[in-house]
Amino acid sequence: TEMAAPRPLSRFWEWGKNIVCVGRNYAEHAREMQSAVPSEPVLFLKPSTAYAPEGSAILMPAYSRNLHHELELGVVMGRRGRAVPEAAAMDYVAGYALCLDMTARDVQDECKKKGLPWTLAKSFTASCPVSAFVPKEKIPDPHNLKLWLKVNGELRQEGDTSSMIFSIPYIISYVSKIMTLEEGDIILTGTPKGVGPVKENDEIQAGIHGVPKVSSATPPVRLQAW
């Protein structure tokens, strides 16, 4: 029997199963959301149909009138891990991608008021635009990056991964004690301050200073109603 072709990590969004998101991992973003700074990670999930690879449109859910961008560093898992010790966590990382956690803010506010889960606000189709895959070797220290996001050429978000509340090894260890992580899964590590609304036909560009060719959109992503 012929071996199946290996699944390339460079196209993790085509076959990776889980998108695990960490909420409120930057203190200034927690403050801008008038939320408490968490004592342990706040987790939620997006389905794999949330992926919108580089260059594809971001879809605006018909039931939202206030869609926000949230820029995040994504950590792509290179192998299966369950209850991974923090000291070994980076051995499980294959690489990184810049991600947008698109959020229907009006819907999220309603969910929060009612004490309901955030699924409607966070998990809709194309709510997770991702950049090209960046192999681990290209980023010697993921806690020393400056992320940026522009809407129609105007700088909206800029943040240093050094100001994450929970480090990447801590997050991997914490998540893997709850759910088994598999090769091709991604963890979104939270957004810095500066989140805000986007509307139809806006163009979003994002990148990592000092890491060429990492942008969540070349050409910029356009928002489309559906």
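Because R7 lies in the segment before α1 (12–15) and E183 in the loop between α5 (168–178) and β13 (186–188), the pair ties together parts that are 176 residues apart in sequence; helices (H or I, at least four residues) and strands (E, at least two) are DSSP runs, numbered from the N terminus. R7 is partly exposed at 48% relative accessibility, and E183 is likewise partly exposed at 32%, where buried means under 20% relative accessible area, exposed over 50% and partly exposed in between (1.4 Å probe, protein chains only).

Residues are numbered from 1 along each chain as its sequence is written, and side-chain values use heavy atoms, with hydrogens and water left out. Local features need pLDDT of at least 70 and side-chain atom pairs count only at pLDDT 80 or more, whereas totals for chains, interfaces and linings use all residues.

The structure holds 13 salt bridges. Among them, E70 and K122 meet through their side chains at 3.4 Å, N to O; E70 lies in the loop between β5 (67–69) and β6 (71–77) and K122 in helix α4 (residues 119–122), so the pair ties together parts that are 52 residues apart in sequence. Both E70 and K122 are buried, and they belong to a network of salt bridges that links K46, E70, D101, R105 and K122. A further salt bridge joins D160 and K146 at 3.3 Å, N to O; since D160 lies in strand β12 (residues 154–160) and K146 in strand β11 (residues 146–151), this pair ties together parts that are 14 residues apart in sequence.

Contacts of I186 (heavy atoms within 4.5 Å), not counting residues up to four places away in sequence, include F12, Y51, V75 and C99.

The protein averages a pLDDT, the predictor's confidence in each residue from 0 to 100, of 91, and 91% of the residues score at least 70. Over residues 216–220, however, pLDDT stays under 50, and the model has 13 contacts beyond four places in sequence for this stretch. Where pLDDT is low, the predicted coordinates should not be read in detail.

Definitions and conventions
A salt bridge is a side-chain nitrogen of Lys or Arg within 4 Å of a carboxyl oxygen of Asp or Glu.
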